[in-house]
Amino acid sequence: MIYMTFSAEAARARSSGQPLVALESTIITHGMPYPQNVAVALQVEADIRAAGATPATIAVIEGRLHIGLEGELLQTLGKMTDVAKLSRADLAPCLASGGTGATTVAATMIAAKHAGISVFATGGIGGVHRGAETTFDISADLQELAQTPVTVVSAGAKSILDIGKTLEVLETLGVPVIVPGQEVFPAFWSRRSPYAAPLRMDDAETIARAHGARKALGLPGGQLVANPIPEADEIPSEVMAPIIAAAQMEAEEQGITGKAVTPFLLDRVFKATRGKSLRANIALVRNNAVLAAQIAQALRRVST
Ligand code: PSU
Ligand code: MN
């Protein structure tokens, strides 16, 4: 038995068939420092409302799966320093043991599906880490995209990952990777990576129709939308490359493994750029929230 708690606005949207957009909580607890994390989470929720949809930030609090964090919950979560990071493997055990944790892309997709939400906005997804040929470090996010029918709007993948290998795995898993407005796959802080966009779709309507067509074909899994960061907020990849390389080296030297790798790298990069990367991160998440709200609305139009 899973105890789900909907925020009042999420419950209202659900019962009246209004478009909902899911948001993850690992980006709050492990992706950005306090207090900016809470401010950004609230801002992104406001952006979704302004764009005509209802936000639902997802987390597990004391054994309950929360779809929408109300009142002080977001603040409390954002302040916690050793909160668990829940991916696919961790979600059920955390619920069963009455624990508290933040959901990754994979776990947020599972929760969103469970709550009847088809669209989810975030910053970056997990993927194939550099050196995965020896570490085998491949995020469960990729498998989830292959199995769970949620369209995830990201800004591509950070170059803490091996973007080429990440795209190869997504192709093997049969996940549609859609880039709006350009022929090149974006690299999170920068609009361009060296890799071509597997698919290009320039409007929310088409992305929503593709989501529906996949379902109609009886195919499991979702879609990954890789939305380029707005031009004004971009950081050139030459600036980020040495910082990422240094962070990577440090992770190796300190023997960081498993689920600690991504948070470790993100933290090092934020510190090394003195907040510049945080500003870019905020801009791209807000940009993704607006596109996700448009897709959620389009989904409602194309499926009725
Ligand atoms: N990449 C980012 N920012 C993030 C994450 C990844 O650029 O905040 C978080 C997301 O929650 C993602 C998770 O689902 O890290 C992936 O972790 P792992 O690599 O351990 O699967
Ligand atoms: Mn990993």
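Mentor: Please bear in mind that this is a predicted model. A polar side-chain atom of glutamate 24 is placed 2.5 Å from an oxygen atom of ligand 1.

Trainee: Which residue has a polar backbone atom 2.8 Å from an oxygen atom of ligand 1?

Mentor: Serine 139 also has a polar atom 2.7 Å from a ligand 1 oxygen, but that atom belongs to its side chain. The backbone atom at 2.8 Å from an oxygen of ligand 1 belongs to valine 105.

Trainee: How much of the area that ligand 1 exposes when taken alone does the protein bury?

Mentor: Ligand 1 is surrounded by 17 residues, and the closest include Lys85, Asp141 and Lys158. Taken alone, the ligand exposes 470 Å², of which the protein buries 94%.

Trainee: Are helices α6 and α8 roughly parallel or roughly antiparallel?

Mentor: The axes of α6 (residues 105-114) and α8 (residues 140-147) come within 8 Å of each other and cross at roughly 25°. Angles under 35 degrees count as roughly parallel. The crossing angle therefore makes the arrangement of α6 and α8 roughly parallel.

Trainee: How many charged residues does the contact of α6 with α8 have?

Mentor: From α6 the contact draws on Val105, Ala106, Met109 and Ile110, and from α8 on Ala140, Asp141, Glu144 and Leu145. By class there are six nonpolar residues and no polar ones, while the number of charged residues is two.

Trainee: Which peptide bond is cis, with omega near 5°?

Mentor: Most peptide bonds are trans. The exception asked about ends at proline 35, which lies in the loop between α2 (26-29) and α3 (36-50). The cis bond runs from tyrosine 34 to proline 35.

Technical notes:
Residues numbered from 1 in each chain as written. Chains lettered and ligands numbered in written order. Predicted model: local features only at pLDDT ≥ 70, side-chain atom pairs only at ≥ 80, totals over all residues. Heavy atoms only, no water. Axes fitted to C-alpha atoms, helices over the stretch in contact; angles between N-to-C directions. Helix = DSSP H or I, 4+ residues; strand = E, 2+ residues; numbered from the N terminus. Parallel < 35°, antiparallel > 145°, perpendicular 65-115°, else oblique. Contact = heavy atoms within 4.5 Å. Nonpolar A, V, L, I, M, F, W, Y, C, P; charged D, E, K, R; others polar. Near = heavy atom within 4 Å. Polar contact = N/O pair within 3.5 Å; in protein donor to acceptor, adjacent residues only side chain to side chain. Areas by Shrake-Rupley, 256 points an atom, 1.4 Å probe, with all protein chains shown as cover.
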